[in-house]
Amino acid sequence: MAYRVLVACKHAIDLSTVKIRIKPDKLGVVTQGVKMGIAYFDELAVEEALRLKEKGVASEVIAVSVGPADAQKTLRHALAMGADSAVHVNTGDVELAPLQVAKALREIVREVEPQLVLTGKQATDGDYSQTGQMLAGMLDWPQATQAAELNVENDSVKVVRETDAGLETISMNIPAVVTAGLRLNEARLVKMPNIMKAKKEEN
Amino acid sequence: IKPKRMLLRIIKRNQTNSNNYLSARLVSRKRPRGNFAEINTTDISYFTQILGTKNIKTNTLQKYTKDWMGRYQGDSTCVLFPTTVDQVQQLLKYCNDKRIAVCPQGGNTGLVGGSVPVYDEIIISMEKMNSIRKFDEASGVVISDAGVVLQDLDQYLSDYGYTVPIDLGAKGSCQIGGNVATNAGGLRLLRYGSLHGTVLGLEVVLPDGRVINGLKTLRKDNTGYDLKQLFIGSEGSLGIITGVSLLCPPVPKSIKVALFGLSSFKDAVLIQQKAKLQLQEILSACEFFDNSSMKLVCEHFNVKEPIEDSSIYVLIETRGSNDDHDTSKLNSFLENMYEECDIIDGTVAESGSQMKAIWFLRESIASAISESGATYKYDFSLPTPEMYSIVDAVRKELSNYPDPNVYGYGHIGDGNIHLNIMAKEYSEDLQNKLEPFVYEYTSNFNGSISAEHGIGQMKADHIHYSKSEIELEIMKNIKQIFDRNGIMNPYKVI
């Protein structure tokens, strides 16, 4: 039953240390010299994947990031947390929209063949909340977004979702896409030796 | 007329009650009431005339007459809220002429009973003098009223990309004027220095009503004796600070927090030494706390211990302008520490929320202790390698005692330990076991019996443990020069 879990993480603005400011040309937010790190909800997704591994549900956790060269930092953080391997789709300086990110992820999914794809419900700078959903659509997989609770029984994934109308529980068949909501879990603190190890790991 | 008399009766009743079951909690007055006038209706009318009825309070005063720890309480019947420097001048001149004792008050967050009256001194609260007057972006200097809450000042500055040079647990309530009057130290003294360096000017109203208009924004001014240094740390005994000119550092672009778990204090001393050598200009905080503190905080606030159980924990923070530079510096430091020290466990916070979680462990210790029992708080400067020995010594002194818990934590980078003893209830017996033992212990190391908390009421007759006779004599002379009638915060400090 052990699944391969793919976690998509974005290297985004660290909201808890900076105030988001709009660029003067109104075409985006200021990213120059702004502290970036793993997007808040993506980190919860990594944490959830690691917990699945600790429960014996997942056999392998692979982190993937579609982003510029610096996205490597986010991947190393995921590795330090406990992910088994990481994939970096280097987009250079190009800023991608959710649809393009979803398309890139679809290719990775085809290569990696995971049973479960986890990601955050939205990134802290774009706030789109589209990538997970689009990916599921393109793969024709079931999806559960804004997850507050995730359980895997036999070959089905049971997710409690937070919606504006209240909590909704969905049961889906593997393979599936789940996006992490605020109350899913609390990300673990990374131990120093793991940070140093992750720093040294090559592709 | 009638309401005031009733109030006095009610207060006296409370006092009797205190004597019955709260007597041990409230610290008894050390010095007898001085020869000061008792205020009457004429005085109240005068105050009302100057301030208006909204800015004078004569009932429900406990918030102002009792301190944060609930250990010191005075009998004031009147709290005044001036809103201009002119009003403060008029009030002080009047009180000086009539020999009315005055207790200046900021956020009332002090820990040595310095911010509350001892007897019936009138309280002059700076609460309503809370405007930020000016900020000069070119120099990073802000001019502010004394009554601005520290956190509010920091919020204001953050819009310009600057921050206040001090940080302490009380930031949500303490006022900048009070911080200056007590020369507050805090968590970032290691990086930004003390207020003696960052305060560039003060506006002070003297007891006789004259005002020193010293609000300059100059970084350098060697023209005669630097009088503002006398007021910084004077704890309201020489005059009332009404305005502060403060040099502020820029908000850092990169902040990192690391937490180490160590097996002995010796390792902690080594880590703080190496941190200063290897992290140098980016090191911004170096704190420690012991196992009992960590256990108490986690239990009291129901949080998980982030790293493995260790004897001593050290928190290191870096602040800089370039994240990549700081990351590589910190990573090298970590690698070196793993080679040179016996580290049980460690973690580095990557995100702001994780940093807050680690800081929470250190910043909430004081609250966890106060909320769990009767606390005796001490604040000493000791030679860094010897710092923790006082905790061991106190534990040994109290070994025959039934229940006290001893905690040691503080600013290891500054050689300053906060020693706390917590018992089920306050008792003279326990107090006598602790004092003068802890003061003598500190004095033997040539340390300070009050690193940053100040003297207040608590240590008013203990300065001699850290200062010589001639120093005390000169201090008394200075007090005479500024405050001939002794109306400013009597019974405290000197």
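Guide: A charge is said to sit over a ring if NZ of Lys or CZ of Arg is within 6 Å of the ring centre and within 35 degrees of the ring normal. The model here is predicted, so local features need pLDDT of at least 70 and side-chain atom pairs count only at pLDDT 80 or more, while totals for chains, interfaces and linings use all residues. Residues are numbered from 1 along each chain as its sequence is written, chains are lettered from A and ligands numbered from 1 in the order in which they are written, and side-chain values use heavy atoms, with hydrogens and water left out.

Visitor: How do you know that Lys128(B) lies over the face of Phe81(B)?

Guide: Lys128(B) is placed at 5.1 Å from the ring centre of Phe81(B), and that value is within the 6 Å limit.

Visitor: Why is the pair of Phe289(B) and Tyr313(B) called stacked?

Guide: Rings of Phe, Tyr and Trp (its six-membered ring) pair if their centres lie within 6.5 Å, and planes under 30 degrees apart count as stacked, over 60 as edge-to-face and the rest as tilted. Among the 24 aromatic pairs over all chains, the rings of Phe289(B) and Tyr313(B) have centres 5.5 Å apart and planes at 20 degrees, so this pair is stacked.

Visitor: What makes this pair a tie between parts of chain B?

Guide: Phe289(B) lies in strand β11 of chain B and Tyr313(B) in strand β12 of chain B, so the pair ties together parts that are 24 residues apart in sequence. Strands (E, at least two residues) and helices (H or I, at least four) are DSSP runs, numbered from the N terminus.

Visitor: Why is Phe289(B) called buried?

Guide: Buried means under 20% relative accessible area, exposed over 50%, and partly exposed in between (1.4 Å probe, protein chains only). The relative accessible area of Phe289(B) is 0%, so Phe289(B) is buried, and Tyr313(B), also with a value of 0%, is buried too.

Visitor: What makes the pair of Phe301(B) and Phe360(B) edge-to-face?

Guide: The centres of Phe301(B) and Phe360(B) are 5.1 Å apart, with 75 degrees between the planes, and an angle over 60 degrees counts as edge-to-face. Phe301(B) lies in helix α11 of chain B and Phe360(B) in helix α13 (residues 352-363) of chain B, so this pair ties together parts that are 59 residues apart in sequence. Phe301(B), at 28% relative accessibility, counts as partly exposed, as does Phe360(B) at 32%.

Visitor: Why is one side of β11 of chain A left without a neighbour in the sheet?

Guide: Two strands pair if DSSP finds at least two bridges between them. The open sheet has 8 strands in the order β11(A)-β13(B)-β10(B)-β12(B)-β11(B)-β15(B)-β16(B)-β14(B), with antiparallel pairing. At its edges stand β11 (190-191) of chain A and β14 (374-381) of chain B, each with a single partner strand, so one side of each has no neighbour in the sheet.
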